[in-house]
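Here is a note for a colleague who is new to reading structures. Please look through the numbered points with the model open beside you.

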Amino acid sequence: PLPLAIAAVMGGGVFGDHCSPISDTTIIASLAAGCDHMEHVRTQLPYALTAGAGAILLYLAAGLVA
């Protein structure tokens, strides 16, 4: 289904933006928090990967049902 494919592409873009150490939002968040940039990336990566894995499973389930 087209809405599911669009949601997957947009979610993948947000995931990539959140996990990228050279993303402007990641750099600004670490500057605003006053912490080391790479330390911020390392602490956020487990949360992003957990959410990404959950999204993959839910997209697979939704694709099989739809």
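1. A disulfide is a pair of cysteine sulfur atoms within 2.5 Å, and the structure holds zero disulfides. Cys19 takes part in none, since the nearest cysteine sulfur, that of Cys35, is 16 Å away. Likewise, Cys35 is in no disulfide, its nearest cysteine sulfur being that of Cys19, 16 Å away.

2. This is a predicted model, in which local features need pLDDT of at least 70 and side-chain atom pairs count only at pLDDT 80 or more, while totals for chains, interfaces and linings use all residues. Residues are numbered from 1 along each chain as its sequence is written, and side-chain values use heavy atoms, with hydrogens and water left out.

3. Cys19 is buried, with a relative accessible area of 16%, whereas Cys35 is partly exposed, at 34%. Here buried means under 20% relative accessible area, exposed over 50%, and partly exposed in between (1.4 Å probe, protein chains only).

4. The largest pocket has a volume of about 200 Å³, a volume being the space filled by probe spheres set on grid points, which are joined across faces, edges and corners. A pocket is an open set of points on a 1 Å grid over the protein atoms alone, where a 1.4 Å probe fits, with protein on both sides within 12 Å along at least five of seven lines; lining residues have an atom within 4 Å of a point.

5. Helix 1 (2-19) and helix 3 (37-65) each supply at least two residues of this lining, and the largest share, seven residues, comes from helix 3. Helices are DSSP runs (H or I, at least four residues), numbered from the N terminus. Among the lining residues are Phe15, His18, Tyr47 and Tyr59.
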